[in-house]
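This report is written for a reader meeting the structure shown below. Please keep the sequence and the model in view while reading.

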Amino acid sequence: MTVHQLISLLVENKPGALMRVAGVLTSRGYNIESLTVARTLDPTLSAMTIVAQVGEQGRDLLIKQISRLVNVIKAVDLTDSRAVRRELALIKVYVEGDKRSSLLREAEIFRARVVDASPKAYTLEVTGSPDKLNALIGLLHAYGPIEMVRSGAMAMARAKQNKLPVPRYSEAYLSEP
Amino acid sequence: MATLSGAQILIESLAREGAEFVFGYPGGVTLPVYDVLYSHPLRHVLVRHEQNAAFAAQGYARATGKAGVCMATSGPGATNLTTGLVDALMDSIPVVAITGQVPQALIGRDAFQEADTFGISRSATKHNYLVKDIGELAQTIHEAFYIATSGRPGPVLVDITKDVLIAAGPYSGTQRMEPLRGYRLKCEPDEESVERAVEFLWNADRPYIYAGGGVISSGASAELVRCSELLEAPLAHTVMGLGAMPTGHPNFISMLGMHGSYAANMGVTECDALVGIGVRFDDRVTGRLDRFAPNAKVLHVDIDAAEINKNRRADVGVVGDAKAVLRRLNARLEETRATLGRERRGARLAWMERIRRMKREHPFVYDRSGGDIKPQALMEKLDAISGGEAIVTVDVGQHQMWAAQYLRFNRPRLWQSSSGLGSMGFGVPAAVGAKFACPDRTVISIVGDGGFMMSMPELGTIATNRLPVKIIVMNNNTLGMVRQWQELFYDKRYSEVAIESFPDASLLAAAFGISGGSVTQPDDLDAALEHAFAEPGPYLLNVQVTPEECVYPMVPAGGAVDEMILQPDAEPAEAVVGD
């Protein structure tokens, strides 16, 4: 049985770090559903969120095998935790005529913002849980052809449950590109 | 601060790390390094194939515990190293591999002899680097040695672009390694887990210790023996653990697993407390996992937290260096022996007696009849020559298992076997590295005819350096272990296992300028071996053995270890639990 495992980790911001982490998953034949990575307040560290289809038996082992990588500060499994999960999507809907105003009303329910408009299409930006995004997409595609880019899930453990070290803000944060 | 070239910084940093030998093969992008080596005291050993550079570096590392160093050029040089690196990764052997890379300006343009060494070696190493800045070179070399030799040892590859090797940069020779933020070592065990382990051990009626390569790499043999003596518990070893306890120790019950001893396999099936130290519950040990040690609770000691619960759930897991853990454990066992240890001592002694009886009644046996040399007889004779003191390097297959069964080892770091990856062609180059490491010790390389053909070019290295290595080819004219499986599980359909056209050993040796010979008759074997070992230089002895022999006992792949086949046409043994 496979599950969608949600892994949050802190890695050194060094060449090859992403390859090493991804390699632990891919060498086992696990499919990575999404992976986001960006530097933290300490620019020498990056925070990564991975969602992967993993055998239920292998979850604990996977965390330990990622944790032992030399560049990995720590990895935690947030699958069963009440972590905050968010994802951003840009959705372009091709819609003309009467349906345009009704689309905007529905987008409003999901707090999706219009970030680009043309006579033939709207581009919406929406943030939310992956489930919320899925629900919106289900509605929008009834209006016409859609195009979409999703960021992949980002997760942050709740304050009391956080097991990752907290990177400290450094002046270098602003000076680096 | 001196200004040196990248190539000089590399060699000075290797020397500063205590490297004695570099096993390597030059090429286009490593020319600057070889120019430095031309007049540097650091000894370079020119092998005949890069794969053998990695194996020779392992031979050095396995014999000494220090990191072995190998070097190759970009492209094919680096890709040829790969098997030797994966091999070191599987067996947790410290190796530092240096590879040249095409100049940065050419990377990604499919330059001549360009390969993505950094990407290719990612899964072949414990850690790897691509150095593109001369300012990071010395630090990187020091990190590589530190990572290779600390914690769970393993191979580390440093890929260096040619422009870095040529560039000039400052070198102080006093660089300190920056702390590695993501690399945490946990050598000392938690006090609480040690206490749980003590309780676990004294609560057992039938304790059983299963020791592996982790004991060797941590140098914990004395502590392991002491632990077994304090508990009065039998001790079996993995193929990596051979030598951790002297073979002659009364608690020693040989190897467990696929070709393990009767006592070791029945013992693990019957025990109620299984103590794994520096082991990884490999499938060749456990056979069918759900039938492995079915009556036992498990105490697992390993320096790598990812090993605990990987294959077999541990009731007590202790993360730490085997030596540190065993020291703490032994101290607590001694303190509690007269109190907690007394309660079940009667049961433990009866269990030990039962195991010793199994060991007496079911030694490794073979059919001594027939007109050919029996491979097991060859191993017995080599054992007599070694007396438990020679370094023995082996390849992979039947001869490896017979050597593990029949040869004694009085101490660790004498036995060298490609155990996890199972690479044929390991034995001869490993012997090269071992002999450089230990020039005063007898080094015997026992190989099969198949594996020998893979490593034959190293006769050149052996001849050039007049390395007095004794190569004993156990020649059954067949890929024996594959043939054994075809005999037992594929209806005797012997597909592509005959090794024909094996060269005449004395002519082959002579062609390299060394001594060699062949022996085919049992009556001539003693004299042939005596001659081989009396020769002051290297010797290649081809021993023609009976081709039909199979390795027993044998647990069929996926079978339970107590269902081992003890001898040809025999019914599987049955364990009597709780007898």
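The account below treats domains, sheets, helix packing and the contact between the chains.

The model is predicted: local features need pLDDT of at least 70, side-chain atom pairs count only at pLDDT 80 or more, and totals for chains, interfaces and linings use all residues. Residues are numbered from 1 along each chain as its sequence is written, while chains are lettered from A and ligands numbered from 1 in the order in which they are written.

## Domains

Domain bounds come from an automatic or database domain assignment. The table lists them for both chains.

| Domain | Residues |
|---|---|
| Domain 1 of chain A | 2-80 |
| Domain 2 of chain A | 85-154 |
| Domain 1 of chain B | 2-171 |
| Domain 2 of chain B | 191-361 |
| Domain 3 of chain B | 375-544 |

## Chain A

In chain A, the C-alpha centres of domain 1 and domain 2 are 29 Å apart. Their contact involves 6 residues of domain 1 of chain A and 4 residues of domain 2 of chain A; two residues are in contact if their C-beta atoms, placed from the backbone, lie within 7 Å. On the side of domain 1 of chain A that touches domain 2 of chain A, strand E2 (31-39) and strand E3 (45-55) of chain A each supply at least two residues. Helices (H or I, at least four residues) and strands (E, at least two) are DSSP runs, numbered from the N terminus. E2(A) gives the most to this side of domain 1 of chain A, with 3 residues. By class, this side of domain 1 of chain A has 3 nonpolar, 3 polar and no charged residues. Here Ala, Val, Leu, Ile, Met, Phe, Trp, Tyr, Cys and Pro count as nonpolar, Asp, Glu, Lys and Arg as charged, and the others, Gly among them, as polar.

Chain A also has an open sheet of 4 strands in the order E2-E3-E1-E4, with antiparallel pairing. Two strands pair if DSSP finds at least two bridges between them. E2 and strand E4 (72-77) of chain A stand at the edges with a single partner strand each, so one side of each is left without a neighbour in the sheet. Direction ignored, neighbouring strands of this sheet are turned by 15° against each other on average. Strand E1 (residues 2-12) of chain A pairs with E4(A) in the antiparallel sense over 5 bridges, and A:Val11 has A:Val72 in E4(A) as its bridge partner.

Two helices pack on this sheet. Helix H1 (residues 17-26) of chain A touches E1, E2, E3 and E4 of chain A, and its direction makes about 155° with that of E1(A). Helix H2 (residues 59-67) of chain A touches E1, E3 and E4 of chain A, and its direction makes about 165° with that of E4(A). Axes are lines fitted to C-alpha atoms, for helices over the stretch in contact, and angles run from 0 to 180 degrees between N-to-C directions.

## Chain B

An open sheet of 6 strands in chain B has the order E11-E10-E9-E12-E13-E14, with parallel pairing. Strand E11 (252-255) and strand E14 (316-319) of chain B are at the edges, each with a single partner strand, so one side of each lacks a neighbour in the sheet. Strand E13 (residues 297-302) of chain B pairs with E14(B) in the parallel sense over 4 bridges; B:Val319 in E14(B) is the bridge partner of B:Asp302. Helix H8 (residues 191-202) of chain B lies across strand E9 (207-211), strand E12 (273-277), E13 and E14 of chain B, at about 135° to E14(B).

Elsewhere in chain B, the axes of helix H3 (residues 50-64) and helix H17 (residues 427-437) come within 6 Å and cross at roughly 45°. H3(B) and H17(B) are therefore oblique to each other, given that angles under 35 degrees count as roughly parallel, over 145 as roughly antiparallel, 65 to 115 as roughly perpendicular and the rest as oblique. Their contact has 12 nonpolar, 5 polar and no charged residues.

The C-alpha centres of domain 1 and domain 3 of chain B lie 29 Å apart, and each of these domains gives 24 residues to their contact. H3(B) supplies the largest share of the side of domain 1 of chain B that touches domain 3 of chain B, 10 residues.

## Contact between the chains

Between the chains, 16 residues of chain B are in contact with 18 residues of chain A. On the side of chain B that touches chain A, helix H5 (117-120) and strand E6 (127-131) of chain B are the elements that give two or more residues. This side of chain B has 7 nonpolar, 5 polar and 4 charged residues.
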